[in-house]
Amino acid sequence: MTGNQTAEGPKHKKDLTRRKVVAAGAGAAVAVGVGGTLAAGAFAGEKSAAGTTASASGSASETCYKLTSETTEGPYYIDADKLRKDVTEDEEGIPLTLRLKVIDAETCKPIRNAAVDIWHCNALGVYSGYEDMGSGGGGGGGTPPSGEPTGEPPSGEPSGGPGGGGGVHQEPTDDERYLRGTWRTDRNGTVEFKTVFPGWYQGRCVHIHTKVHVSGTWTEAGYEGGNTCHTGQFFFDEGSVLASAEVAPYSTNTTTRTTLDEDTIYPDNGTEGGLLKLKYRKSDIAKGVVATITMGVDPEATHDGTDDAVQPGASASAG
């Protein structure tokens, strides 16, 4: 995995082991209600909308007891093309600060110098590198989606747009790389990205893809060697998505939206399945959103998102 690699997909391994991975419970992530009130259990130093500082709660063991879900890589991963924390480029949208923490699932100790990838579509459902794939009908004006999308719920084989490319890696169709990036975790196992709130496309709910790579070497060219110990997706609650849909340019995305409950990839198990803890002002989400989650990983395992570690009923074909 190098910084100048742009067109090649991930190198899959035949001998894969299903890693055991956990996500933090209430004591490890910021949970703020839509009104801006800080919920119990937050990272130390995190502040609510009212400016009060929260302290960490719960013991280390309490933050490591739940298994989280592996998810498919999807077809639109580009291997470590951009080493950066700010992936926004010129994309319009609601500012999103994504704060991630990576810990060893067995010891609960932070994993430093891990390489964390994120990638997601823009407000209109388009992935950089795959603009020719379109967005499955996004854009072009119209009214924001409601909480009750019309038509039949999406099946496990969504068609059209990024959702229809299948689970097999697709070669990029262009040189754009917005809303993609890789950065290293610090001594506390944390990494923070600046991006925009994702939009939606046919067949999928709003989500962000991620990978965690460990045991490799950081060089001037990028991150080399090691193993991919986690492949997952982050998800957004319905309230935040509906609020974002009132804001331009999301309000011009006329693609029928798949809700969180309808999505065939989200395992419907909250934080364990990648559901982000969000902080924003309900009356003015356009000002920005802070999203936080802890990922527990087995640093010795390999999971690149192409094996069978997908929840029952979910499809490995969606992006």
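Modeller: A residue is buried if its relative accessible area is under 20%, exposed if over 50%, and partly exposed in between, with a 1.4 Å probe and protein chains only. Cys205, for one, is buried, at a relative accessible area of 4%. This is a predicted model, where local features need pLDDT of at least 70 and side-chain atom pairs pLDDT 80 or more, while totals for chains, interfaces and linings use all residues. Residues are numbered from 1 along each chain as its sequence is written, and side-chain values use heavy atoms, leaving out hydrogens and water.

Colleague: Thanks! How many disulfides are there?

Modeller: Zero, in a search of the whole structure; a disulfide would be two cysteine sulfur atoms within 2.5 Å. Cys121 is another buried residue, at 2% relative accessibility.

Colleague: And what helices and strands does the protein chain have?

Modeller: One helix and 12 strands. These are DSSP runs numbered from the N terminus, with at least four residues of H or I for a helix and at least two of E for a strand. In sequence order, the pattern is β-β-β-β-β-β-β-β-β-β-α-β-β.

Colleague: What share of the 319 residues is buried?

Modeller: 54% of them. As for contacts, meaning heavy atoms within 4.5 Å, take those between residues at least 6 apart in sequence: 82% join residues at least 24 apart.

Colleague: Which strands are joined to β7 by bridges?

Modeller: Strand β4 (residues 115–119) is joined to β7 by five bridges, running antiparallel. Eight bridges link β7 with β10 (residues 227–235), also antiparallel. Two strands pair if DSSP finds at least two bridges between them. Ile118, for example, has Thr210 in β7 as its bridge partner, and His207 stands opposite Phe235 in β10.

Colleague: Tell me about His207. What does its side chain reach?

Modeller: The backbone oxygen of Cys205, at 2.7 Å. There is also a polar contact, at 3.2 Å, with the side chain of His209. A polar contact is a pair of N or O atoms within 3.5 Å; within protein, one must be able to donate a hydrogen and the other to accept it, and residues adjacent in sequence count only if both atoms are side-chain atoms. Leaving aside residues up to four places away in sequence, His207 touches several others, including His120, Tyr127 and Phe236.

Colleague: New topic: how many aromatic pairs are there?

Modeller: Eight. Rings of Phe, Tyr and Trp (its six-membered ring) pair if their centres lie within 6.5 Å; planes under 30 degrees apart are stacked, over 60 edge-to-face, and the rest tilted. Phe197 and Tyr250 are edge-to-face, because their planes meet at 85°, with centres 6.3 Å apart. Phe197 sits in the loop between β6 (190–196) and β7, and Tyr250 in the loop between α1 (238–244) and β11 (277–279), so this pair ties together parts 53 residues apart in sequence. Both Phe197 and Tyr250 are buried.

Colleague: What about Phe235 and Tyr266?

Modeller: That pair is tilted, because the planes are at 55°, and the ring centres are 4.9 Å apart. Phe235 is buried at 0% relative accessibility, and Tyr266 is buried at 8%.
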